[in-house]
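Please keep the sequence and the coordinates at hand while reading.

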Amino acid sequence: MKLKHKEAIAGYIFALPSLAGFSLFFLFPAAISLYYSFTDGIGKSKFVGLKNFISLFKSESFLLAFKNTILFNLVSVPLIMLISLLLAMLLNNKAKSVPYFRMMFIVPMVIPVASVILVWNIIFNQFGVLNHFLTLFNIKPTDFLNTGWSFPILVMLFIWKNCGYNMIIFLAGLSNIPKDYYEAADIDGASSFTCFTKITLPLLTPTMFFITIMSMVNSFKVFREAYLLEGSYPDFSIYMLQHFMNNNFTNLSYQRLTTSAFVMAIIIFILVLGLSKVESKYGSS
Amino acid sequence: MKYKYKSLFIFLLLISLISISSCNANKKVEKSETNRKEITIYILCSKVASRYSFALGSYDGVQVNPVYFDDNLEKLQNRLNLELMVGEGPDVVCTTDDRTTDIVKSVYKLASSNTLIDLNPFMNADKKYKEADYNKIIMNSGIYNAKRFFIPRLYAVPALITTKEKLDVNDINISGNRWSWEDFLNTCKNFMITRKDKRQALIFDYEGKLLIDLIANSKTQFIDYSSKVTKFNTRDFISLLKDYKDYIYPVTMTDTESNENALLADDNLAVMRNIQETGDPLTYMALDGYLGMMDGNANQDQKNSEAYILPSYGNGDIYGLPREMFGITSRCKYKQAAYDFIQNLVKSTNINIGHSPIAGVAVYKPLFNLSLEAAAGKVPLTDIGMHPNRALNGNEKIFFGIVPEVSDFRMNDETVNEMITSSVDKYIKGSITAEQAANEIDRKAKLFLNE
Amino acid sequence: MERREGMKSSKKNKLKNLLKFTFLLAVTIMLLFPVFYMITNSFMSKQEAANTYNLISSASEGNTNKMLSFKFIPDMVTATQYYSVFFKEPKYLLMFWNSIIITLPIVLGQIVVATLAAFAFSKLRFPFRDKIFFIYIIVMMMPFQVTLVPNYIMLKELGLLGKYSAIILPGIFSTFGVFLLRQFMKSIPEEYMEAGKIDGAGYFQLFYKIVLPQCKGAMASLAILVFIDNWNMVEQPLIFLKDESMYPLSIFLSRINSEELGLAFACGVIYMLPTLLIYLYGENYLVEGIQLSGIK
């Protein structure tokens with residue numbers, strides 16, 4: 001008991017700076033703003049119960065944004081995990097060219113957003129390069145950025161930008177798997193596929209948990225590119241929760257903002273709960 | 001077991017100590033009660049140019065504190081938005097300033113955001129308030145969901161301004177004081193063919209607002225904010241867009257185009273380019289402006305100006321655009337004093353201050369009548385607050401002379417305007433059809449209204 | 001027999017490697033394309049930049065049949081843009097330094113705070129540990145607009161508005177670092193800790209001498225990622241800083257219009273350099289991590 005006691009105190013002391021700062025700058029503000037989703041106005045704080053939530057779910061804009069956000073995550077997160085895992089495994093050796101490749105992959109994250117947007121615009125604009133290419137084949141040019149094509153374009157942009165990010169993390173995770181395991185499996189005559197599924201994947205589970213969550217966070221951040229490419233009110237297919245929230249923010253509808261954030265928090269809660277259950281199941285080797 | 005609770009207790013204690021100490025760090029000593037009630041208002045122009053200078057200062061135990069932004073619109077908007085959301089900011093909000101500048105981007109969103117208070121109780125309790133003294137229709141523009149959030153001080157009616165000579169030189173005839181829509185289109189068509197100089201434009205579109213005004217001025221109300229209905233995706237609107245692109249737009253020139261330099265090599269645009277080079281403002285005939293708004297455009301011959309009400313698509317009636325709507329924020333401590341302040345502004349006989357341009361026609365009827373008399377020369381101009389050395393020029397005489405009765409009001413929303421102009425721009429360039437443009441606008445407006 | 005088999009497998013290996021290499025090369029080209037474009041275009045003169053890209057900004061009129069195409073090599077290679085940035089208009093350099101002032105403390109602070117906390121969350125047992133961590137994750141995933149208003153009020157009360165600390169402090173305590181390092185530290189086998197405890201090490205020594213050295217790769221990753229994240233931060237400085245002279249470079253780059261395209265390219269290249277440098281510096285640790293994985 002005494003030892004446990006000591007460990008607990010040590011635990012709290014180590015975590016203290018983080019806990020203090022977190023509570024002050026994140027937890028309390030989040031709690032306060034969630035409280036606002038049950039009130040009628042910032043200055044007034046009249047408790048109105050679920051009225052805000054009911055009107056939120058009646059709003060077509062919210063429902064559309066909700067649907068699009070989920071769709072976007074369902075498509076892009078598995079896709080990017082696949083691609084970045086593949087790349088990390090390809091680069092997880094000691095060939096001479098590998099460090100150079102590794103550095104190249106970080107570059108998309110480093111470029112200022114404006115340049116990225118410019119190049120993307122040049123390609124997909126009404127008068128852009130892709131349309132130019134299509135006219136050579138007598139196909140009529142389309143304004144890709146304002147039609148349903150903007151969804152795959154945004155997914156591409158997301159993957160392009162973030163696969164470097166995930167790759168670094170996968171690399172760090174892969175580097176943590178002791179080589180002995182592979183050697184032992186080799187001696188036992190296991191194929192590379194079994195190596196992958198029985199050694200690599202399970203040992204990567206904490207990393208994969210991390211990357212899934214970070215990919216979701218990054219898919220919220222892709223709003224910045226979407227906003228610069230297509231404005232506050234883009235094509236229906238990419239109008240996401242972030243657009244909804246940002247527009248409400250600039251239009252002073254703070255109630256809507258916090259209410260939708262509360263809904264989002266609940267969904268994230270369920271998601272993270274599910275993910276961590278999966279992690280604890282597979283993570284303990 | 002025991003250590004668990006002990007640890008929890010220590011943890012909570014630490015967290016609360018930290019947060020309490022940080023709260024304590026800011027325990028401001030409340031300022032001692034001032035004897036004066038203080039009201040803050042944000043003003044876009046500089047101190048010198050502010051048209052409310054007559055009302056600022058202190059009187060009757062009320063101190064009005066203006067905050068000037070020296071024409072820095074973005075700074076004012078950012079600060080206003082942020083502070084309103086945080087529960088701070090000015091006590092009194094004015095939606096427009098400096099004639100045509102919209103300080104508040106979306107009047108509708110501001111009204112529905114619960115940051116302003118309902119003014120109806122104040123008006124009901126105000127013994128001096130007489131409903132008949134105010135232009136009822138324009139006053140209705142401040143009501144959303146049965147609550148009154150704004151009191152407008154002025155309103156304007158879109159118009160076209162020119163001189164009789166220019167019309168005669170170009171063989172243009174306007175029957176009465178307004179074109180019918182068909183006549184207007186015909187004139188545009190003919191003008192394109194018969195104009196003596198290819199460099200001429202029929203209408204000089206000041207600040208590019210012609211399209212928005214035509215849409216707002218039409219018989220059908222294409223967007224209704226209170227009922228959240230949009231009608232952009234209708235044949236009506238599409239045919240208006242087509243009329244605009246085919247007939248009206250080709251004979252219009254915007255102020256940016258007249259200033260364009262040789263960047264564009266396309267020959268068709270040589271027309272616009274040369275205007276600047278010749279430097280002769282009367283080379284082209286231009287009509288523009290707002291009734292109730294004096295436009296300082298040097299290209300107008302001010303003495304002999306005539307004004308014609310903007311044609312209405314569908315030949316509707318005359319619609320007024322409210323200007324300078326005042327509201328009181330919920331953080332205001334002295335709401336009654338703020339209400340009195342607003343009423344003072346609205347009822348004061350200063351329609352125009354010093355040399356600044358007139359921004360609209362008064363909602364308050366006694367002042368409205370006084371302006372008419374001043375325009376007719378029956379009372380001195382200083383009675384309506386104009387500088388003694390200033391004379392009413394032709395435009396202003398016309399404005400006050402034929403200000404009509406409005407049959408309805410139309411609200412302007414900057415966000416929706418941006419949606420309209422961006423889609424119509426693409427339509428005019430030819431990248432999308434009119435149907436697609438209308439579809440886009442409707443879709444975006446729906447998103448906006450439902451957020 | 002064996003030799004032939006050896007030769008066959010080495011040929012197979014070579015083919016495999018060649019395929020891998022070409023694939024990686026193709027991917028790299030796709031990823032690097034905008035960077036390359038930005039670098040070459042930064043050597044354009046202002047006029048040329050405006051001319052080439054005027055179709056995007058809707059300044060042009062009428063139906064042109066012109067289409068855009070990629071312009072890799074400027075017609076006239078000039079370094080005028082760089083000249084403007086460095087000498088004519090020093091405000092861009094000022095913005096660059098502002099970015100550094102904001103980002104560097106955040107990176108250093110976060111490393112310190114996060115390693116301590118991650119050690120606690122992964123290796124030490126204390127009550128409610130996992131539940132607190134859960135809350136960490138959820139709050140981290142919220143977009144910043146949600147916490148913005150209470151944050152603003154709180155920072156105002158603390159008197160920090162308009163100062164750099166308004167951005168630096170929340171950045172230091174962002175839970176991303178704790179999250180990353182905790183996942184990583186979890187995969188460090190318990191045996192190390194046991195061995196250390198048997199040797200009689202205190203908790204801090206366990207942390208400093210055993211766990212920390214193993215995390216160098218992860219710490220390097222953290223530094224890189226935190227740097228990138230905060231280097232690109234746009235919204236928070238806009239709202240919490242009042243003085244325009246305190247704005248970081250990221251804000252300028254998110255607001256360029258067609259007038260300043262050439263300048264923006266040059267600024268963009270300068271903007272990229274610190275991150276690349278940090279990556280190069282931290283890369284050593286990443287590699288070390290990979291090499292050490294064989295040694296127990």
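In this predicted model, the crossing of α4(C) and α11(C) is right-handed. Two packed helices are described by the angle between their axes and the distance between the axes. Here the axes of helix α4, residues 91-123 of chain C, and of helix α11, residues 216-231 of chain C, come within 9 Å and cross at roughly 145°. On the side of α4(C), the contact is formed by C:S99, C:I102, C:T103, C:I106, C:V107, C:Q110, C:I111, C:A114 and C:T115, while α11(C) contributes C:M219, C:L222, C:A223, C:V226, C:F227, C:N230 and C:W231. Sorted by class, the residues of this contact are eleven nonpolar and five polar, with no charged residue. As for the spacing of such residues along a helix, an α-helix has 3.6 residues a turn, so residues three or four places apart point the same way.

From the packing inside chain C we turn to its interface with chain A, where 85 residues of chain C are in contact with 77 residues of chain A.

In chain A itself, helix α5 runs over residues 113-124, and its twelve residues reach 16 Å from the first C-alpha to the last, close to the 16 Å expected at 1.5 Å a residue. How many of the residues of α5(A) are buried? The helix is mostly covered, with ten of its twelve residues buried, and these are A:A114, A:S115, A:V116, A:I117, A:L118, A:W120, A:N121, A:I122, A:I123 and A:F124.

In chain B, attention goes to strand β16, residues 319-328, which is mostly covered, since ten of its ten residues count as buried. Strand β4 of chain B, residues 92-94, pairs with β16(B) in the antiparallel sense over three bridges, and within this pairing B:V92 has B:I328 as its bridge partner in β16(B). Strand β18 of chain B, residues 408-409, is joined to β16(B) by two bridges and runs parallel to it; in that pairing B:G320 stands opposite B:F409.

B:E324 lies in strand β16 of chain B, and its phi is near 50°, a positive value in a residue other than glycine. Is B:E324 buried or exposed? B:E324 is buried because 24 other C-beta atoms lie within 10 Å, and the cut-off for a buried residue is 20 or more. B:N315, by contrast, has its place in the loop between β15 (305-309) and β16 of chain B, and phi of B:N315 is likewise near 50°. With 13 C-beta neighbours inside 10 Å, B:N315 counts as partly exposed.

Note on methods:
Residues are numbered from 1 along each chain as its sequence is written. Chains are lettered from A and ligands numbered from 1 in the order in which they are written. This is a predicted model: local features need pLDDT of at least 70, side-chain atom pairs count only at pLDDT 80 or more; totals for chains, interfaces and linings use all residues. Axes are lines fitted to C-alpha atoms, for helices over the stretch in contact, and angles run from 0 to 180 degrees between N-to-C directions. Helices (H or I, at least four residues) and strands (E, at least two) are DSSP runs, numbered from the N terminus. A crossing is left-handed if the near helix is turned anticlockwise from the far one by less than a right angle, and right-handed if clockwise. Two residues are in contact if their C-beta atoms, placed from the backbone, lie within 7 Å. Ala, Val, Leu, Ile, Met, Phe, Trp, Tyr, Cys and Pro count as nonpolar, Asp, Glu, Lys and Arg as charged, and the others, Gly among them, as polar. Two strands pair if DSSP finds at least two bridges between them. The expected span of a helix is 1.5 Å times one less than its number of residues.
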